[in-house]
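Subject: Structure handover

Hello,

Here is the structure I promised to pass on. Please open it and keep it beside this message while you read.

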Amino acid sequence: MRQTEERYISLLTDFGFKRIFGTKPNKDLLISFLNSLFNGEQVIRDVKYLNSENVGDVHTERKAIFDVYCENERGEKFIVEMQNAYQTYFKDRSLYYATFPIREQAPKGADWNFNLAHVYVVALLNYEMSDPAFSARTINHDVGLLDKSTHRVFNDKLTFKYVEVSKFNKSIDQLRTTYDKWLFVLRNLSRLDRQPRRLQSEVFDRLFREAEIAKFTKVELKEYEDSLKAYRDIKNSLDTAEAKGRAEGIAEGIAEGIVKVARKLLTMGMTTDYVADATGLSKEEIKDIADKLEAADKG
């Protein structure tokens, strides 16, 4: 008997997000979401999923594991990430991630004129980023390479789109655009007990069918429940750390919360790469935490 009481999965979990947006049979859902986000800036007709695990240079062997990595019919690359927890250097991390689809475009053993395909990094944030560069009046932030004096585009081949999903607060009756509807289900799908009339269309009919927990196999259900527990542990730990941080210093409180999250994920059997991706800690820091957990168990 399953432990979850909800009818539909949460898209904020790793399992839920990748099931809906990261699988080939559901690529029409990813296309619909991206087109609603870009809102005519470009139109995506098809996507091909690429290897979501990328390895850096031989010296560091640092991996980048993307939630979703794909390219459209024009060869433009898209990294789509769901970020549930605050990370001090998340902007640096998203910039680092962008280097992988840039470097892999260089052909091996051939002359190349350095003409790059566009790279897009889409970061869906389940927290308020509160960056001083962002307008507080919007949840969408479009970042590119501009001349600081003229504010004109210097190079249009790299775009970051940060979306503060946690700030989206429209009710079901206030949804007007397809983008509104996608943000609503990103935040609220697991809270619904049926498919609302306003979310009835070919795309959202498919979403609700794919998201229904009762149709999962035993393996899928176990994977989802593990992912849901990891998500809840992360949010609970960081919410507690943030509250503590208000009294003792935000940075110290959040840092302590991230370490606590890493401990919980390790005790759940999550891999070092997964814990590094979820927390932003280095492999060395995670190994140190794992060693201390092992020593505590032996003691």
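A term comes up below, so here is what it means: a residue lines a cavity if it has an atom within 4 Å of a point of that cavity. Please also keep in mind that this is a predicted model.

**Overall**

The protein has 299 residues, and 45% of them count as buried. Its secondary structure comes to 9 helices and 8 strands. Among contacts with a separation of 6 or more, 59% join residues 24 or more positions apart.

**The cavities**

There are 2 cavities of 30 Å³ or more. The largest cavity holds about 40 Å³ of space. Its lining is made by Glu81, Phe90, Arg93, Ser94, Tyr97, Val121, Val122 and Ala123. Two elements, helix H3 (90-103) and E6, each give two or more residues to that lining. H3 gives the most, with 4 residues.

**The sheet**

Six strands form an open sheet, in the order E1-E4-E5-E6-E8-E7 and with mixed pairing. Strand E1 (47-49) and strand E7 (140-146) are the edges, each pairing on one side only. From one strand to the next, the twist averages 25°. Helix H2 (residues 27-38) packs on this sheet. H2 touches E1, strand E4 (68-72), E5, E6 and E8, and its direction makes about 120° with that of E1.

Now the pairings, strand by strand. E1 and E4 run antiparallel and are joined by 3 bridges. Tyr49 has Cys70 of E4 as its bridge partner. E4 and E5 also run antiparallel, with 4 bridges between them. There, Glu71 stands opposite Lys77 in E5. The hairpin of E4 and E5 has 4 residues between the strands, and in it Gly75 takes a positive phi near 85°. Strand E5 (residues 77-83) and strand E6 (residues 119-125) run parallel, joined by 7 bridges. Gln83 faces Leu125 in E6 across that pair, standing opposite.

**Strand E4**

How many of the residues of E4 are buried? The count is 5 of its 5 residues, so read by the buried cut-off of under 20% relative accessible area, E4 is mostly covered. In a regular strand the side chains alternate between the two faces of the sheet. Both faces of E4 are covered. Val68, Cys70 and Asn72 lie on one side, Tyr69 and Glu71 on the other, and all are buried.

Glu164 sits in strand E8 (residues 153-164). Is Glu164 buried or exposed? Its relative accessible area is 2%, so Glu164 is buried. Its side chain reaches the backbone nitrogen of Met129 at 2.6 Å. Beyond its neighbours within four places in sequence, Glu164 is in contact with Leu125, Tyr127, Glu128, Met129, Ser130, Thr138, Ile139 and His141.

Ala133 belongs to the loop between E6 and E7. Ala133 counts as exposed because its relative accessibility is 67%. Ala133 and Val143 are 10 residues apart in sequence, and their C-alpha atoms are 9.7 Å apart in space.

**Helix H8**

Which residues of helix H8 (residues 272-279) are buried? They are Val275, Ala276, Asp277 and Thr279. Just after H8 comes Gly280, with a positive phi of about 85°.

Best wishes

Key
Residues numbered from 1 in each chain as written. Predicted model: local features only at pLDDT ≥ 70, side-chain atom pairs only at ≥ 80, totals over all residues. Heavy atoms only, no water. Buried < 20%, exposed > 50% of the residue type's maximum accessible area, 1.4 Å probe, protein only. Polar contact = N/O pair within 3.5 Å; in protein donor to acceptor, adjacent residues only side chain to side chain. Contact = heavy atoms within 4.5 Å. Pairing = 2+ DSSP bridges. Axes fitted to C-alpha atoms, helices over the stretch in contact; angles between N-to-C directions. 1 Å grid on protein atoms, 1.4 Å probe; cavity = no way out; pocket = protein on both sides within 12 Å on 5 of 7 lines; lining within 4 Å. Points joined across faces, edges and corners; volume = space filled by probe spheres on them.
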